[in-house]
Amino acid sequence: MSKMYYRELYCGSPIRFWSGLALLGAFIAIGLGSAYYMEHNGHWVTGMSNQIVWGLPHVFAIFLIVAASGALNVASIGSVFGGPLYKPLGRYSGLLAIGLLAGGLMVLVLDLGRPDRLIVAMTEYNFKSIFAWNVILYSGFFAIVGVYLWTMMDRSVSKFNRPVGFAAFFWRIALTTGTGSIFGFLVAREAYDAAIMAPMFVIMSFSYGLAFFIITLITAYIWGDREIGDLRLTRLKNLLGVFVGAVLYFTLAYNITNLYITQHHGIERFILLDGGIYTQMFWLGQILIGSILPLYLIYSPAFEKSRWAIAAASIAVLIGGFFQIYIIVIGGQAYPMNLFPGKEVVESGFFDGVVASYTPTFPEAALGVAGIAVALAMVAVGARVFKVFPETLEDPNS
Amino acid sequence: MRSSLISKRYFIILLAGLLLSAMSAFGESTFVTKGSRAASLDSCVAPTNVMRRNHMDFLKHGRDDTVLDGVRGLEYSLSECIDCHASTGQSGKAMPVDAEGEFCQECHGYVAVSPACFQCHRTTPEKKGNKYGYHKDESFFVESTSQPAGIQRD
Amino acid sequence: MSKKGDQPSMERRQFIGGTIAAAGAVTIAPGVILHAVADTNQRTEGASSEHRWGMVIDANKCADGCTACVDACNSEHGLTDLGRPETDAAWIRTVKLKDKQTGNISRLPVMCQHCEHPPCVDVCPTNASFKRADGVVLVDRHRCIGCRYCMMACPYKARSFIHEALSDQSVSAPRGKGCVESCTLCVHRIDEGVMQTACQEACDKDGHAAILFGDLKDPNSEISQVLKKYNSVQIRGDLELNTGVRYRNL
């Protein structure tokens with residue numbers, strides 16, 4: 001195999017690079033302004049309430065955090081599982097993972113009621129809380145992936161690449177297990193309280209992370225006027241297909257389990273049949289756009305070597321994944337908690353027994369979009385400053 | 001090397017000047033707001049210089065004792081600070097202690113430390129006798145019967 | 001923990017009596033005893049695991065259309081109605097239920113159930129949500145970062161998030177933007193020996209007497225006697241949280 005050279009990614013035209021960065025900066029500025037607006041006035045200016053306590057910012061944050069750990073997969077396949085075709089992509093995989101996590105965490109932190117007390121979250125730990133563990137898992141992820149990148153980029157420490165790669169792989173599995181467990185441990189609500197949430201989040205991270213990776217990789221190589229061979233893209237594409245199928249399988253298992261448990265028929269009916277917007281999001285967003293469409297684009301012989309199809313499939317996976325997390329986070333809260341089994345709530349001073357309404361507001365969305373912009377800006381700057389991308393990704397021996 | 005020495009010296013002079021002016025400001029003024037109960041007293045619950053230096057620690061210890069362990073009636077209590085230090089404005093209403101020119105804000109503004117207490121705690125003295133029961137509907141207490149609570153329960 | 005053949009709460013009552021005599025107390029309503037406010041330097045002994053405070057609520061006695069307990073709670077803790085029911089705080093609420101099968105109607109107040117094993121305490125990352133030695137579940141607002149995970153975890157929807165900046169709070173219930181809060185079981189009263197919550201006071205006052213507060217660990221307390229004599233249930237008893245608030249005739 002020919003030697004791989006990495007080089008800083010310079011965009012074909014400097015104006016394109018700087019204007020692209022400026023655009024991301026504008027999104028970030030609007031998002032930060034929105035966060036200030038929400039914190040200054042308090043959360044009543046958002047769509048969130050005492051019934052829907054986690055809103056759109058959490059959907060964005062969880063989506064980005066889950067995708068972050070999945071983005072590291074390509075590096076893991078390269079150095080842990082010994083996939084030579086994936087190895088040159090390892091550096092970018094690590095950079096994207098750090099960027100996505102930073103973006104997600106920014107959104108999460110800026111939506112806290114008291115973001116000024118972040119130091120409390122860093123110094124006071126309740127080890128029975130998966131949230132406290134996640135604080136450690138998320139900050140540890142930065143450190144481990146940072147060291148991992150170092151072992152990939154500095155030949156003098158490259159002998160540690162494999163052990164560090166292993167550590168990073170297990171850490172990322174722990175991280176997504178932790179994120180999924182946020183919902184898995186909630187006994188109160190029927191939509192959550194399922195151990196399958198943890199592995200489902202792991203597999204979701206594989207899928208979203210890879211989709212993010214593929215779409216940004218293609219963009220970067222167009223951006224920098226560099227070549228990618230079909231062989232690698234096909235490999236990535238097929239892997240994405242497997243992950244999308246696996247997410248679909250877990251969705252099926254989760255819903256079928258719930259359909260078996262009589263107590264959970266209500267929530268299943270809500271999501272699958274008569275939940276209005278949530279039902280539409282499930283069938284149209286998650287299943288049609290997020291699963292069937294990408295599977296068709298990936299496996300149909302008609303699009304065998306179409307880059308357009310690969311890019312479209314990745315975007316569809318991301319849109320579907322966003323809807324999936326929206327349904328989990330918001331749909332799961334909107335469905336009323338059953339405090340009194342066998343009873344119907346006639347009157348309540350606090351919205352018992354009714355589906356909670358939630359209308360996201362602009363500042364919430366702007367904060368979420370700023371998270372994505374932070375991720376992309378970090379990647380754009382990182383790729384320009386460090387030798388992240390191989391000069392060429394043409395197929396070997398071609 | 002030399003230039004850095006000079007700048008260091010200037011810095012020290014500047015610092016000394018600042019300190020002096022600060023000390024003279026604190027030394028002469030009592031900093032109790034006119035019209036507050038504190039203005040009529042010789043000193044706070046501890047000597048003034050002790051309070052100036054340590055009031056935050058007193059309050060911090062007390063808050064944990066009260067919130068976590070339920071110990072009340074402590075020697076240092078934030079609500080008592082406010083009862084005593086809040087001044088009465090022109091309208092006859094108590095001024096919030098964290099308002100511009102009022103007791104807490106005067107120093108905290110000067111040293112640029114935000115008195116975070118008042119993000120949650122009340123900034124004016126509470127009306128006496130309002131500790132329990134209805135706050136708004138005072139007539140609630142008028143027709144008081146001597147029957148102890150819960151006696152007619154089966 | 002409870003001392004058999006002894007009445008731990010009596011010591012407390014005596015202590016309170018002493019305080020009252022010294023301070024010159026005022027009785028302003030049945031069962032409500034006020035100390036003279038000037039004398040607050042009487043250091044109280046604090047929460048003790050010899051007690052576990054709880055309530056028993058008789059759903060049959062909860063009167064249709066009555067909101068005395070809710071009003072009293074709001075007033076006691078300075079919870080203001082901002083006209084935004086979705087985001088306004090509700091420490092206690094009334095719920096009217098109809099049995100799907102039999103059509104039987106019942107009504108009851110719901111608030112923090114002060115679980116022995118509170119899910120909100122388990123999930124709180126910063127230990128801000130905690131349970132006192134005497135079983136009262138509280139939020140330490142000095143440590144709450146406003147993540148709302150406890151609100152996700154609470155099976156009773158007992159918690160509210162403060163959605164706006166506040167002023168003019170009650171001294172007994174400091175509260176501010178960005179923190180989570182819930183029923184404190186009138187902990188400021190308990191600590192000073194007033195053995196009656198604001199909601200019970202109001203309910204008694206209106207002549208319904210549906211709420212009874214007391215010490216679950218003292219076998220001679222009225223609440224223990226009532227719970228021993230009559231059948232009672234916990235809301236979501238299937239979760240085995242061992243709530244401090246029990247319901248009769250539900």
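Strand E2 of chain A (343-348) and strand E4 of chain C (residues 92-99) pair in the antiparallel sense over five bridges. Strands (E, at least two residues) and helices (H or I, at least four) are DSSP runs numbered from the N terminus, and two strands pair if DSSP finds at least two bridges between them. Within this pairing, Glu347(A) stands opposite Lys96(C). The model is predicted: local features need pLDDT of at least 70 and side-chain atom pairs count only at pLDDT 80 or more, while totals for chains, interfaces and linings use all residues. Residues are numbered from 1 along each chain as its sequence is written, and chains are lettered from A and ligands numbered from 1 in the order in which they are written.

The two chains meet through 38 residues of chain A and 46 residues of chain C, a contact being two C-beta atoms, placed from the backbone, within 7 Å. On the chain A side, the elements that give two or more residues are helix H5 (118-123), helix H6 (130-153) and E2(A). The largest share, six residues, comes from E2(A). By type, the chain A side divides into 18 nonpolar, twelve polar and eight charged residues. Here Ala, Val, Leu, Ile, Met, Phe, Trp, Tyr, Cys and Pro count as nonpolar, Asp, Glu, Lys and Arg as charged, and the others, Gly among them, as polar.

Chain C itself has seven helices and eleven strands. Of its 250 residues, 58% count as buried, meaning that 20 or more other C-beta atoms lie within 10 Å of the residue's own. Among contacts in chain C with a separation of 6 or more, residues 24 or more positions apart account for 62%.

Three strands of chain C form an open sheet with the order E10-E3-E11 and mixed pairing. Strands E10 (211-215) and E11 (245-248) stand at the edges, each with a single partner strand, so one side of each has no neighbour in the sheet. Neighbouring strands are turned by 20° against each other on average, direction ignored; the axes are lines fitted to C-alpha atoms, and angles run from 0 to 180 degrees between N-to-C directions.

Strand E3(C) (residues 53-58) pairs with E10(C) in the antiparallel sense over five bridges. In E10(C), Gly214(C) is the bridge partner of Gly54(C), and Asp215(C) that of Trp53(C). With E11(C), E3(C) pairs in the parallel sense over four bridges, and there Asp58(C) has Arg248(C) as its bridge partner. Six of the six residues of E3(C) are buried. Trp53(C), Met55(C) and Ile57(C) lie on one side and Gly54(C), Val56(C) and Asp58(C) on the other, so to speak of either face is to speak of a covered one.

The largest nonpolar core has 202 residues, and those with the most contacts inside it include Leu100(A), Leu240(A) and Cys69(C). Such a core is a set of buried Ala, Val, Leu, Ile, Met, Phe, Trp, Tyr and Cys residues joined through C-beta atoms within 7 Å. Helix H8 of chain A (residues 197-223) gives the largest share, 17 residues. Leu100(A) touches Phe212(A) and Ala375(A), among others, not counting residues up to four places away in sequence.

Helix H13 of chain A (residues 362-385) is largely enclosed by the rest of the structure, because 17 of its 24 residues are buried.

Terms used. Buried ≥ 20, exposed ≤ 12 C-beta atoms within 10 Å, placed from the backbone.
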